[in-house]
Structures are given as structure tokens and as C-alpha cells.
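Thanks for coming, everyone. Please bring up the model, and we'll walk through it.

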Amino acid sequence: MYICDSTKASILAAALPYIQKYYGKTVVVKYGGNAMVDEQLKEAVMSDIILLSLVGIHVVLIHGGGPDITDMMDKLGMETRFVNGLRYTDKEAVGVVQMVLAGKTNKDLVAQIGKQGGRAVGLCGIDGCMIQAKKLEGDYGFVGDITHVDVEPITHAIESGYIPVVATVGTDCAGNVYNINADTAAAKIAAALQAENIITLTDIRGLMRDVSDANSLIPVVHISEVQQLVEDGIIHGGMIPKVESCEMAVRAGVHRAVMIDGRIPHAILIEMFSDEGIGTMFLADA
């Protein structure tokens, strides 16, 4: 579709107040879902992140990598199983998680940003003891519960002009490595950075009152409303940990947490640079 020069100029001019609003502030993007496996969507996400960085917004990209982990475990003949929505991670599997997340997945994303002209540096929660963890209670194997986040490696990267790309594995004081839920890690990192915003990319439009009704999107949720939405069954299944992470971030001082549909090209720019935005925004109570 052709867009005339005056329309392009109007679009850019309309973005100015939002650029000014976020200039010099930190935005955490939790990257996952379809946007992580579809190459065109992946390119769109990376270009959004580069653009935000170039206009003076400090973007931190947090990622998991479930499909890559499953693919590698299948190739190695290892069983994949989940307990309460979390990947059971035994001693052998946590080595695969570390290799895939901190290796292939992380460096592929850094390379994609570099390919499009951005400057990124790949990190994982083990670097500088950034994500400190203990074994999560229950029968999950080496799945970690975050005890502390040290954001110095991230802030050092930002100050040096790089986009930090963080893989969510962590460690304890004994050197054990843990698989960390990416939604939880993103929320904890956003809180430690006192980020302006955390954006979670999902495979749905946001929080829906009725998943079969495209017009039932809930655009704004105050955190005092979350428990009632759980009791009503509107927040259920795999949405629970994502919403809990948004709630956790807002309670810890992040100004807003937004869940958006990563299947929409340039969804991050639409969310940040327009009044309407897309998806569901979680806010502290007035």
C-alpha cells in the first residue's frame, strides 16, 4: 500500500510527544510466542527495538526460547514434559536449556539486531550473577525461583550504547544453574531497573472477557481487579503466570505493564506511539 509523503510526515510528527515521553527512560520487552518463530515478525520486532533505541529509549529485551529447547531435546532423544505449565528440568535438561537459551537463541537475536543496523550485546542471568535463584518449591527439577536481581550488567551495556538481550537462566551461590520463567524474570528485571514500561508479547490480543469474541478485549486492568478476574475465570490457564508477572511489576514500581499481540507487525510501536495502543494495560490503583 502506497503512503504519500505528507501522510508519512504526519505519522512521524504524531509520534513526537511519545518519543519525548519515553526519551531516556527504560522499557523492558518480554519476547516470546509466535513473534519469536515467524521470521517476518521477528524482523519487525527487532526493527521496532532498534528504532526505540535510536530515539533515545533504553530498551531491554528479555527472552525465553521454549520451541528451540524442545527442538534440541527432541534431537537428543530427551523427554519433554511440563508440570503446572513449567518445563520439568532435570540436571541433564538444564544443561540443554543453558546451551540453547544463552547460546543459540540469544546470539541469533543479537545477530538479527546487528543485521538490521542495531548494536546489541547478549547476556544471560548467570553473567555477573545477574539473576540469583534458588530451587523452586515442588517437583520441577532445576527450575529456579528468583531471589535477587543485579542489573549492573544491563545498565553497563545500556551506558555503553548497546541493547541488552537477556536469556533467562540463573544461578545460586553454589553455582547450580536454573531454568527461569521468562515472564517472571522480565517482571523482576523491570522492577529492579524501575522501568517506565514492560511490554509482554503474546499470541492473543490481550486479556479477553470471551476468547471467542474479538470485541471483548479488556483495555485497562487495575491490579486490585486481578483477583476477581481470576475468580471469574477470565484469567485462567497459561494467562495466569503472565498476568501475575504484570501485576508483580506494577506493584514493584513499574509504571505500567502491557500485554500485546506479537502477531501484529510493529505491535510495539503501535502500543508506545499512539493514544489507543493495543492489548491490555495493567496499572496501579488510582
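Buried, for today, means under 20% relative accessible area; exposed is over 50%, and partly exposed lies in between, with a 1.4 Å probe and protein chains only. This is a predicted model: local features need pLDDT of at least 70, side-chain atom pairs count only at pLDDT 80 or more, and totals for chains, interfaces and linings use all residues. Residues are numbered from 1 along each chain as its sequence is written, and side-chain values use heavy atoms, with hydrogens and water left out.

Start with Asn106. Asn106 counts as buried, because its relative accessibility is 0%. Asn106 sits in helix α4, residues 91-115. Helices here are DSSP runs of H or I, at least four residues; strands are runs of E, at least two; both are numbered from the N terminus. Contact means heavy atoms within 4.5 Å. Leaving aside neighbours within four places in sequence, Asn106 has contacts that include His63, Leu123 and Ala167.

Now the sheet. Strands pair if DSSP finds at least two bridges between them. Eight strands form an open sheet with mixed pairing, in the order β5-β8-β2-β1-β11-β13-β14-β12. The edges are β5 (120-124) and β12 (220-222), each pairing on one side only. Which sense do β5 and β8 pair in, parallel or antiparallel? Parallel, over five bridges, with β8 covering residues 163-167. Cys124 stands opposite Ala167 in β8.

Last, the packing. Helix α5 packs on the sheet and touches β2, β5 and β8. Its direction makes about 150° with that of β8. Such angles run from 0 to 180 degrees between N-to-C directions, with axes fitted to C-alpha atoms, for helices over the stretch in contact.
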